[in-house]
Amino acid sequence: LSLLGGVMGWIFSRKWGGFKSTLGKSIGMFSLGLLAQFLGQVLYNYYIFVLGVDEPYPSIGDASYFASVIFYIYGVWYLAKVSGVKNSLKSLNGKLKAIAIPTIILLSSYLLLLKDYELDFSNKIILFLDFGFPIGQAIYVSIAFMALFISKDILGGMMRKPIMLLIIALIFQYVADFAFSYQFSINPESTYVGDFLDYLYCAAYFF
């Protein structure tokens, strides 16, 4: 699904002007994010089934997964610009939401995922990824929520539903990543192929 979505998204982004238009850039970035997710899956499967590494973390596959987070941040930022967030932020209500939404999401991520985290500077790559993933994901979903709540009265016409669907997809992706990180932090052995987490990822890619 992530491969199909990435390829089709890239084709559709060109129909919207590609990187010459803001919406084209947004769709293009989401497409690159999906392709990065797909590459991460391929690399992880290679480590597990070919090289026989049970837990390949950290690995080059995580670099691909982290790249998808960066692409999603750029994608949702361009989407927010299309949605009219810039104009909404001029009002006091918009400014308050712009402060409150990221604060709540970042605080929630910290309390549930990083509160009892023991810092180990001997492996800086793991330290970077353990903090980078939840923070990066919190950033893109914060911008998505801002686009959803701040710009809901601005969006209109034929673009309203597609943009809302993209925002919902990002929220699903965040929930899937958050649930995986939380479950893995509690009991890594409890995750398995075909579990509820895989269903969440499947739904996120589909949206």
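Read along the sequence, the protein chain follows the pattern α-α-α-α-α-α-α-α, with eight helices and zero strands; helices (H or I, at least four residues) and strands (E, at least two) are DSSP runs, numbered from the N terminus. The model is a predicted one, in which local features need pLDDT of at least 70 and side-chain atom pairs count only at pLDDT 80 or more, while totals for chains, interfaces and linings use all residues. Residues are numbered from 1 along each chain as its sequence is written, and side-chain values use heavy atoms, with hydrogens and water left out.

For the overall dimensions, the C-alpha trace of the protein chain spans about 50 × 40 × 30 Å along its principal axes. Of the 207 residues, 41% count as buried, where buried means under 20% relative accessible area, exposed over 50% and partly exposed in between (1.4 Å probe, protein chains only). Among contacts (heavy atoms within 4.5 Å) with a separation of 6 or more, 71% join residues 24 or more positions apart.

Gly84 follows H3 and has a positive phi, near 95°.

Next comes the nonpolar interior. In soluble globular proteins, nonpolar side chains tend to be buried together. Here the largest nonpolar core has 37 residues, and those with the most contacts inside it are Val76, Tyr140, Ile167 and Leu170. Such a core is a set of buried Ala, Val, Leu, Ile, Met, Phe, Trp, Tyr and Cys residues joined through side-chain atoms within 4.5 Å. At least two core residues come from each of H2 (22-50), H3, H5 (92-114), H6, H7 (160-186) and H8 (196-206), and H6 gives the most, with ten residues. Leaving aside neighbours within four places in sequence, Val76 is in contact with Phe30, Tyr140, Ile143, Ala144 and Leu170.

Rings of Phe, Tyr and Trp (its six-membered ring) pair if their centres lie within 6.5 Å; planes under 30 degrees apart count as stacked, over 60 as edge-to-face and the rest as tilted. One of these pairs, Trp10 and Phe19, is tilted, at 5.8 Å centre to centre and 50° between the planes. Trp10 counts as partly exposed at 33% relative accessibility, and Phe19 likewise counts as partly exposed, at 40%. Tyr72 and Tyr140 form an edge-to-face pair, with 5.5 Å between centres and 70° between planes. This pair links distant parts of the chain, since Tyr72 belongs to H3 and Tyr140 to H6 (residues 124-150), 68 residues apart. Both tyrosines, Tyr72 and Tyr140, are buried, and together with Phe30 they form one aromatic cluster.

Ser31 lies in helix H2 and is buried, with a relative accessible area of 1%. A polar atom of its side chain lies 3.4 Å from the backbone oxygen of Gly9. Not counting residues up to four places away in sequence, Ser31 touches Gly5, Gly6, Gly9 and Trp10.

Technical notes:
Polar contact = N/O pair within 3.5 Å; in protein donor to acceptor, adjacent residues only side chain to side chain.
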